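Me: I want to go through this structure term by term. For each label, show me the value and the rule behind it.

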Amino acid sequence: MHGRRSAIGKAAVLSPVVINAGIIVAEEILYLKQFLLYYWEFNPVYAVVVSIMYYALSLLLFASLTACVVADPGVVRNSTSEREYTVCSTCKVKRPPRARHCALCQACVLNMDHHCPWIGNCIGLGNHKLFLLFCLYASLTCFLQALVLLPRLVQAVRLVGSNDMTLAVLIIGCVSNTAIGLMAGGFAALHSYYIANNLTSFEIGLMIGPRENPYGRGKTRYDNWIEVFGPNKWQWPFPIPIKISKQPRNTEEQIILIEHSLSNL
C-alpha cells in the first residue's frame, strides 16, 4: 500500500485483509466454544496445556499477519548511486536489477515475489520472512485446531440426539481447518525453497533445465537464508522485520541492494 489510490481502490485492497482477520477471529471463537469451554468442565489440565500451545501459535499468527501488512516490502526510491541500475518504464525510478514494478502498489519493490491480496501488500525483500512465518503459523494453528476438534466431532456423531447445529459447526471447523492448513503449509514449504535458493516466484524459471541460478552462485543455502531471516537465529521464529542494510551480502548484485537501502535511510 505504497502508491496513490482512490478510496475505492484502498477499500478493494483492504477488504481481503479484513476478511483474513475475520477468519482468524472466527477460528478463535470456534476454539473457545467447542474445545476450551467444553473440556474445561471435566479435564481442565488438558484444556490449559493445549490452549497454551494454541494461543501462542495464534498470537504469532496475528503478529505475523499485522507485521506483513504494515512492513515496507522494499519499495525502491530514486538513488544517486552510479552503478548500472535499470529505469522502470512505469514509475521512472532507477532500480536495482532484481526490483520489479507492482501495478497494485504503484511502486518498484526489491526482490519482489508477488503481490498478496490477503495481506494487501507486496512480498519483497523487506517482508518475505514475515510472509513465510504467516503461512507457517496459519498452517500450524489450523492443524492444531482440527486435531483437537476431531474427538469432539467423533463424539458428536456417535451421540444419539446430538445437536445438529453443533455437529455442523464441528464438521465445518475440521474440514476448513484441514484445508487451510494444507494450503498455508504448501505456501510455507514453497517459500522456504525460494528463500533457501535465493529466488522469487518471478525468477523460479531460472531453475528449469541446466541453467545455473545466478543469485545463489558461490553461496550455501544457509547464506541465502540469513539474507532474508537475518543472522540472529533467536529472531527467526518471531515476526521481527530486519533492516535490509544490515543483511550480509556476498555478490556484486547484493552490494547494489545494500547501497540502495543505505541511500534511503
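Me: Which residues does I119 touch, and what makes them contacts?

Reply: I119 touches V17, L65, C68, V69 and F134, leaving out residues up to four places away in sequence. A contact means heavy atoms within 4.5 Å. This is a predicted model, in which local features need pLDDT of at least 70, side-chain atom pairs count only at pLDDT 80 or more, and totals for chains, interfaces and linings use all residues. Residues are numbered from 1 along each chain as its sequence is written, and side-chain values use heavy atoms, with hydrogens and water left out.

Me: What makes a set of residues a nonpolar core, and which residues touch the most other members of the largest one here?

Reply: A nonpolar core is a set of buried Ala, Val, Leu, Ile, Met, Phe, Trp, Tyr and Cys residues joined through side-chain atoms within 4.5 Å. Buried means under 20% relative accessible area, exposed over 50%, and partly exposed in between, with a 1.4 Å probe and protein chains only. The largest core has 44 residues, and Y31, F35, I119, W225 and F229 touch the most other members. The elements that give two or more residues to this core are α1 (7-40), α2 (44-70), α3 (128-158), α4 (164-196) and α5 (221-229). α3 supplies the largest share, 13 residues. A second, separate core has 7 residues, including V93, A99, C108 and L110. In soluble globular proteins, nonpolar side chains tend to be buried together.

Me: How many helices and strands are there, and how are they defined?

Reply: The protein has 6 helices and 6 strands. Helices (H or I, at least four residues) and strands (E, at least two) are DSSP runs, numbered from the N terminus. Along the sequence the pattern reads α-α-β-β-β-β-β-β-α-α-α-α.

Me: Why is α2 called roughly antiparallel to α3?

Reply: Their axes come within 8 Å and cross at roughly 150 degrees. Angles under 35 degrees count as roughly parallel, over 145 as roughly antiparallel, 65 to 115 as roughly perpendicular, and the rest as oblique. Therefore α2 is roughly antiparallel to α3. The axes are lines fitted to C-alpha atoms, for helices over the stretch in contact, and angles run from 0 to 180 degrees between N-to-C directions. Among the residues making the contact are Y46, M53 and L61 of α2 and F131, Y137 and L144 of α3.

Me: What is the handedness of the crossing of α2 and α3?

Reply: α2 passes α3 in a left-handed crossing. A crossing is left-handed if the near helix is turned anticlockwise from the far one by less than a right angle, and right-handed if clockwise.

Me: How do α3 and α4 pack?

Reply: α3 and α4 pack at about 150 degrees, with axes 7 Å apart. The angle makes this pair roughly antiparallel, too. α3 passes α4 in a left-handed crossing.

Me: Why is α3 called roughly perpendicular to α5?

Reply: The axes of α3 and α5 come within 8 Å and cross at roughly 95 degrees. So α3 is roughly perpendicular to α5. H128, K129, L132 and L133 in α3 meet W225, V228 and F229 in α5.

Me: Is I195 buried or exposed?

Reply: I195 has a relative accessible area of 2%, so I195 is buried. I195 is in helix α4. Beyond four places in sequence, I195 is in contact with H128, L132, N224, W225, V228 and F229. I195 and L132 are 63 residues apart in sequence, yet 9.4 Å apart in space, C-alpha to C-alpha.
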